[in-house]
Amino acid sequence: MENFILWNAAMQDDGRTLGFAVFATAVKQLHQGSREMVEQMLSDLGIPNTAFTSWRVSHFATNYLADDLDADDWEDIWNDHWQVEVQLAQPLQHTWSDFELRRSFASDSSWTGEPSQPPMDCLVVADFLDGAAIPQAEVVLKQLEALRSGALTPPELQREVAEAPPTLIAELAQELGDWPDARIDVKRWATEPERLLISLGRFDTDFFESGATLAIKVQELCQVLGGVTTWSDLMETQD
């Protein structure tokens, strides 16, 4: 069995940086990464022998690849993931599709055997099969930061997204108030399909144990805006 699934691969900085997500399917995890690990993962992504100068590994949680969203254990829903950013020696133009996940037998020799622990970033992923829906969704989701800071009121946001149930906007405002460490950062990612990555900030265990309701409400808003928020739902669109 493979050690990892590689997904969410996309070029950044005019092709000078490659970012991708790593999900552990076995016991092995990531720590700081190693040159041999990065070389193998680049090969598994279909770009072998690509020269690079450095890399960075960061830890986050998302339910995008979760097998059972109704599991009793929050760790079965909000899976450990790692973001790997690789600085390339030369700019590279390449695109990837996440309709098919990539498997990797790579191994990180820097991992000591200790599992990763919160606090960790919480990420919501929203795929858009209709690319025309992304601009409005991006605008609306970025306004959640203004809602969090108080620069925007729930009625004002409601006018921006009239199709959203008023209860959803009110619940989002409540959740943002309940978690003062939340921060909303939205990035457009050049995968197939196109997607938005919504980082909600860094949280400890209590956020996830209590149901990560803020993330669930952000997912509901993404769905109202035309997004698909799990890989299993993405696959169902292809049936």
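How far is the sulfur of Cys122 from the closest cysteine sulfur? In this predicted model, local features require pLDDT of at least 70 and side-chain atom pairs count only at pLDDT 80 or more, whereas totals for chains, interfaces and linings use all residues. Residues are numbered from 1 along each chain as its sequence is written, and side-chain values use heavy atoms, with hydrogens and water left out.

The closest cysteine sulfur to that of Cys122 belongs to Cys222, at 12 Å, which is too far for a bond. The structure holds zero disulfides, a disulfide being a pair of cysteine sulfur atoms within 2.5 Å. Cys122 is buried at 1% relative accessible area, and Cys222 is buried at 0% (buried, under 20% relative accessible area; exposed, over 50%; partly exposed, in between; 1.4 Å probe, protein chains only).

Salt bridges, defined by a side-chain nitrogen of Lys or Arg within 4 Å of a carboxyl oxygen of Asp or Glu, number 12. One of them joins the side chains of Asp121 and Arg202 at 3.9 Å, N to O. Asp121 belongs to strand E6 (residues 120–128) and Arg202 to strand E8, so this pair ties together parts 81 residues apart in sequence; strands (E, at least two residues) and helices (H or I, at least four) are DSSP runs numbered from the N terminus. Asp121 is partly exposed at 28% relative accessibility, as is Arg202 at 46%.

Within helix H2 (residues 134–149), Lys142 and Glu138 lie four residues apart, about one turn of the helix, and their side chains form a salt bridge of 3.6 Å, N to O. Lys142 is partly exposed at 43%, while Glu138 is buried at 15%.
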